[in-house]
Amino acid sequence: MPELDSVNIRQMTPEDIDQVMVVEYSAFDVPWSRQAFENELNNNQFATYFVAELGGKIIGYCGVWVIVDESHITNLAVLNGYRGFKVGESLLRQVMLYAVAQRARSMSLEVRVSNDIAQNLYRKLGFRNGGIRKNYYSNNGEDALVMWVRL
């Protein structure tokens, strides 16, 4: 059980990608490729990623795009075994603060309609339902719930 106080949240660097890939594969049926993360960090001027680190081990990450005054969560994942300890909430809170500092006025994300745990976290932080993206997820055609919050 991680002590929340000992979890360090910092900006992701290219050197973190190996550990982030472990988190990615533990969290998603259709994980992003290493190349996707490299592209986000090296080529996407709108993207910033944060990692949650415990004792030198990356246990979670969250990505955000900030474009003018809007921000969008690209992904949020926590390593199996560390879920339920508010690591994801801490990451999301940090990303929201970052977006505000970058002058974003709103934030959006997509979440599986079946992912009640994630939806509950997002609602706790002020996100509200904004619509449905039909057949959004490629692995099973599941719909995505679009959620928004004013920052």
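**Reading the strands, the helix and the core**

Reply: Strand β2 is mostly covered, with 8 of its 8 residues buried. The model is a predicted one.

Me: Which residues of β2 point one way, and which the other way?

Reply: A47, Y49, V51 and E53 point one way, while T48, F50, A52 and L54 point the other way, and all are buried.

Me: How are the strands of a sheet held together, and what is the strand order here?

Reply: Strands of a sheet pair through backbone hydrogen bonds, either parallel or antiparallel. In this model, 7 strands form an open sheet with mixed pairing, in the order β1-β2-β3-β4-β5-β7-β6. Its edge strands, β1 (8-11) and β6 (128-133), each pair on one side only. From one strand to the next, the twist averages 25 degrees.

Me: In which sense does β2 pair with β1, and in which sense with β3?

Reply: β1 and β2 are antiparallel, joined over 4 bridges; R10 stands opposite V51 of β2. β2 and β3 also pair in the antiparallel sense, over 8 bridges. The hairpin of β2 and β3 has 2 residues between the strands, and G55 there takes a positive phi near 60 degrees.

Me: Which strands run parallel, and over how many bridges?

Reply: β4 and β5 run parallel and are joined by 3 bridges. E70 stands opposite S106 in β5.

Me: Is E53 buried or exposed, and what does its side chain contact?

Reply: The cut-off for a buried residue is under 20% relative accessible area. E53 has a relative accessibility of 16%, and therefore counts as buried. The residue lies in strand β2 (residues 47-54), and its bridge partner in β3 is I58. The side chain of E53 makes a polar contact of 3.1 Å with the side chain of R10. Leaving aside residues up to four places away in sequence, E53 touches S6, V7, N8, R10 and I58. The C-alpha atoms of E53 and I9 are 6.2 Å apart, although 44 residues separate the two along the chain.

Me: Why does S108 count as buried, and which side chain does it meet in a polar contact?

Reply: S108 counts as buried because its relative accessibility is 9%. S108 sits in strand β5, and a polar contact of 2.8 Å joins its side chain to that of H72. Beyond residues up to four places away in sequence, S108 touches S71, H72, I73, M147 and W148.

Me: How should I read the length of helix α3, and which of its residues are buried?

Reply: An α-helix has 3.6 residues a turn, so residues three or four places apart point the same way. The 15 residues of α3, at 1.5 Å a residue, should span 21 Å, and the end C-alpha atoms are 21 Å apart, which agrees. The buried residues of α3 are V87, G88, E89, L91, L92, V95, M96, Y98 and A99. Just after α3, R103 takes a positive phi of about 75 degrees.

Me: Which residues of the largest nonpolar core touch the most other members?

Reply: In soluble globular proteins, nonpolar side chains tend to be buried together. The largest nonpolar core here has 44 residues, of which Y61, I73, L92, M107, Y122 and F127 touch the most other members. Elements that each supply at least two residues of this core include α1 (17-27), β2, α3 (87-101) and β7 (144-150). The largest share, 7 residues, comes from α3. Apart from residues up to four places away in sequence, Y122 touches L76, L92, L109, V111, F127 and M147.

Conventions
Residues are numbered from 1 along each chain as its sequence is written. This is a predicted model: local features need pLDDT of at least 70, side-chain atom pairs count only at pLDDT 80 or more; totals for chains, interfaces and linings use all residues. Side-chain values use heavy atoms; hydrogens and water are left out. Buried means under 20% relative accessible area, exposed over 50%, partly exposed in between (1.4 Å probe, protein chains only). Contact means heavy atoms within 4.5 Å. A polar contact is a pair of N or O atoms within 3.5 Å; within protein, one must be able to donate a hydrogen and the other to accept it, and residues adjacent in sequence count only if both atoms are side-chain atoms. A nonpolar core is a set of buried Ala, Val, Leu, Ile, Met, Phe, Trp, Tyr and Cys residues joined through side-chain atoms within 4.5 Å. Two strands pair if DSSP finds at least two bridges between them. Axes are lines fitted to C-alpha atoms, for helices over the stretch in contact, and angles run from 0 to 180 degrees between N-to-C directions. The expected span of a helix is 1.5 Å times one less than its number of residues.
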